[in-house]
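Take a look at the model below before reading on. The report starts with one contact and then widens to the fold.

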Amino acid sequence: MVCMALHQHFTVIAHRGDSSAAPENTLQAFDAAVQQGFCNFETDCQLTSDGAVLLVHDEQLGRVNDGQGAVAEHTLAQLEQLDAGSWFAASFAGARMPTLQQVLERYKGKAHIHLVSPACSSTGPC
């Protein structure tokens with residue numbers, strides 16, 4: 001695989017995966033980014049009520065999935081039932097929000113993952 005590089009001083013990072021080709025922060029978007037030659041992708045994380053790390057940008061559900069309320073108010077099992085793809089296209093119906101563990105295992109040796117935590121962003125560096 002050849003990684004995308006514009007210049008030796010720049011790193012090209014796929015924002016939330018290839019979010020132009022698949023629903024953001026899903027395995028489908030991350031797969032698309034890697035297939036397009038991106039060796040780096042950025043993703044966001046939120047903690048569930050039972051302490052799992054879920055890859056989703058928004059603290060509140062509903063923009064890119066069929067849930068309601070705060071991510072932090074739901075268990076991982078509840079959140080794994082949500083559809084995170086239909087909003088993007090019917091062909092992505094049933095896409096799920098992955099856990100950090102799933103993504104780390106899937107892309108080990110394939111991509112660098114740039115992880116953003118909104119809690120850190122609002123309070124400064126963690």
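## A salt-bridge network

Which residue forms a salt bridge with Glu-24, with the closest N and O atoms 2.7 Å apart? The partner is Arg-63. This is a predicted model, so the distance is a computed one. Glu-24 sits in the loop between β1 and α1, and Arg-63 in the loop between β4 (53–54) and α2, so the pair ties together parts that are 39 residues apart in sequence.

Glu-24 has another salt-bridge partner, Arg-16, with the closest N and O atoms 3.2 Å apart. Arg-16 is buried too, at a relative accessible area of 12%. The side chain of Arg-16 also meets that of Asp-44 in a salt bridge, at 3.4 Å from N to O. That pair links distant parts of the chain: Asp-44 belongs to strand β2, Arg-16 to the loop between β1 and α1, and 28 residues separate them. Asp-44 and Arg-16 are both buried.

These contacts belong to a network of salt bridges that links Arg-16, Glu-24, Asp-44, Asp-58 and Arg-63. The structure holds five salt bridges. Side chains of opposite charge can pair when their charged atoms come close.

## Fold and sheet

The protein chain has four helices and five strands. Along the sequence they follow the pattern β-α-β-β-β-α-α-β-α.

Three strands form an open sheet in the order β1-β2-β5, with parallel pairing. β1 (14–15) and β5 (112–116) are at the edges, each with a single partner strand, so one side of each has no neighbour in the sheet. β1 pairs with β2 (residues 40–44) in the parallel sense over two bridges. His-15 stands opposite Glu-42 in β2.

## Cores and helix α1

The largest nonpolar core has 13 residues. Phe-30, Phe-41, Leu-55, Val-103 and Tyr-107 have the most contacts inside it. Helices α1 (27–35) and α3 (100–106) each supply at least two residues of this core. The largest share, three residues, comes from α1. A second, separate core has ten residues, among them Leu-61, Val-71, Leu-76 and Leu-82.

Phe-41 shows how the parts meet. Beyond its neighbours within four places in sequence, Phe-41 contacts residues including Ile-13, Ala-14, Phe-30, Val-34, Val-103, Tyr-107 and Ile-113.

In α1, the buried residues are Ala-29, Phe-30, Asp-31, Ala-32, Ala-33 and Val-34. The buried residues of α1 pack against β1, β2 and α3. After α1 comes Gly-37, with a positive phi near 100°.

## The loop between α2 and α3

Thr-99 and Glu-80 both belong here: Thr-99 lies in the loop between α2 (76–79) and α3, and Glu-80 is found in that loop as well. Is Thr-99 buried or exposed? Thr-99 counts as buried because its relative accessibility is 10%, under the 20% cut-off. Leaving out residues up to four places away in sequence, Thr-99 touches Val-53, Leu-54, Leu-55 and Leu-76.

Glu-80 is partly exposed, with a relative accessible area of 33%. Glu-80 and Arg-96 are 16 residues apart in sequence and 6.4 Å apart in space, C-alpha to C-alpha.

## Totals and confidence

Of the 126 residues in the protein chain, 44% are buried. The chain exposes about 7100 Å², and carbon and sulfur atoms supply 53% of that area. Among contacts with a separation of 6 or more, residues 24 or more positions apart account for 54%.

The mean pLDDT of the protein chain is 90, and 87% of its residues reach 70 or more. Confidence is highest in α2, at 98, and lowest in helix α4 (residues 118–123), at a mean of 56. Where pLDDT is low, the predicted coordinates should not be read in detail.

Conventions:
Residues numbered from 1 in each chain as written. Predicted model: local features only at pLDDT ≥ 70, side-chain atom pairs only at ≥ 80, totals over all residues. Heavy atoms only, no water. Pairing = 2+ DSSP bridges. Buried < 20%, exposed > 50% of the residue type's maximum accessible area, 1.4 Å probe, protein only. Contact = heavy atoms within 4.5 Å. Areas by Shrake-Rupley, 256 points an atom, 1.4 Å probe, with all protein chains shown as cover. Core = buried A, V, L, I, M, F, W, Y, C linked by side-chain atoms within 4.5 Å. pLDDT = per-residue confidence, 0-100. Salt bridge = Lys/Arg side-chain N within 4 Å of Asp/Glu carboxyl O.
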